[in-house]
Amino acid sequence: RGGRPHGNVTCTKVGIILFVGFGSGVVQFCHLCDQVCQICLDLRSELLIILVMELGAGLTGIHTLIIYTHSGTLGEGVNDVLAQVLGLQNVEKIGAYGGMMRCGQVEAQSVGAFLAHVKDKLHCPGLRYCDGGKPVQKVAVGGGSCSDGLFDVICAGCDTFVTADVKYNQFWDARDLGLNLIDAGHFHTENPVTVFLTEKIAAAFPEIEVKISETHWDCVKFY
């Protein structure tokens with residue numbers, strides 16, 4: 001994930017457990033591998049099959065398929081869902097790789113009001129942010145590590161950017177350029193897509209139970 005090699009992809013004809021994202025969604029299949037690959041393609045969310053690996057003792061014959069939704073340049077991806085959850089209207093693609101990020105309009109409001117909205121909708125324990133000195137009205141979203149797209153966001157005419165993994169100097173750049181920059185956390189900006197994927201997979205495989213993991217959560221804590 002994130003450009004790091006994970007080994008060779010192999011095809012198996014055994015039951016698998018599907019981790020959507022990085023373990024944030026789980027579903028157990030009793031289907032052949034090609035059926036699972038087909039649903040990945042049908043989602044049209046640029047799902048990248050990264051690895052199939054055997055699990056440890058006690059799960060003999062069960063394999064793990066880990067996939068990563070790369071911001072959905074084809075639609076219905078991480079940032080489409082993130083934009084929807086935050087209530088963006090007139091959503092457009094912006095940024096590199098054919099439009100990795102999304103931007104859209106919200107009702108004009110103060111930075112403080114929008115911070116409360118983001119925290120509530122994404123269930124964040126806290127937010128890191130800098131105030132660019134402008135009201136919030138045109139918002140860009142980039143789930144996960146999209147902070148390097150800061151200048152693409154500014155060029156798109158946005159006044160606010162919701163992303164994660166923001167570096168210290170990027171906060172200063174945003175402040176100096178008049179951009180409200182909000183770091184809502186890597187996990188919390190990507191996790192909303194698991195609900196969408198769960199619904200898609202459940203619709204494709206109605207005979208099995210699909211659920212989001214109740215044990216996987218953000219390892220980053222606030223003291």
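## A buried arginine

Arginine 102 is buried, because its relative accessibility is 1% and the cut-off for buried is under 20%. The model is a predicted one. Arginine 102 sits in strand 6, which covers residues 101–109.

What does the side chain of arginine 102 contact? It makes a polar contact with the side chain of aspartate 80, at 2.9 Å. These two side chains also form a salt bridge (2.9 Å, N to O). The pair ties together distant parts of the chain: aspartate 80 lies in helix 2 (residues 78–85), arginine 102 in strand 6, and they are 22 residues apart. Aspartate 80 has 22% relative accessibility, so it counts as partly exposed.

The structure has 3 salt bridges. One joins aspartate 183 to arginine 128, with the closest N and O atoms 2.7 Å apart. This pair also links distant parts of the chain: strand 10 (residues 180–183) holds aspartate 183, strand 7 (residues 128–130) holds arginine 128, and 55 residues separate them. Aspartate 183 is buried at 6% relative accessibility. Arginine 128 is partly exposed at 38%.

Another joins lysine 211 and glutamate 214, with the closest N and O atoms 3.5 Å apart. Lysine 211 is partly exposed, at 39%. Glutamate 214 is exposed, at 69%.

## Helix 4 and its buried face

Which residues of helix 4 are buried? They are Val111, Phe114, Leu115, Val118 and Leu122. Seen down the helix axis, they fall within an arc of 105°, so they line one face of helix 4. An α-helix has 3.6 residues a turn, so residues three or four places apart point the same way.

Helix 4 has 12 residues (111–122) and should span 16 Å; its end C-alpha atoms are 16 Å apart, which agrees. Histidine 123 follows helix 4, and its phi is positive, near 60°.

Terms used:
Residues are numbered from 1 along each chain as its sequence is written. This is a predicted model: local features need pLDDT of at least 70, side-chain atom pairs count only at pLDDT 80 or more; totals for chains, interfaces and linings use all residues. Side-chain values use heavy atoms; hydrogens and water are left out. Helices (H or I, at least four residues) and strands (E, at least two) are DSSP runs, numbered from the N terminus. The expected span of a helix is 1.5 Å times one less than its number of residues. Buried means under 20% relative accessible area, exposed over 50%, partly exposed in between (1.4 Å probe, protein chains only). The arc is that of the directions from the helix axis to the C-beta atoms. A polar contact is a pair of N or O atoms within 3.5 Å; within protein, one must be able to donate a hydrogen and the other to accept it, and residues adjacent in sequence count only if both atoms are side-chain atoms. A salt bridge is a side-chain nitrogen of Lys or Arg within 4 Å of a carboxyl oxygen of Asp or Glu.
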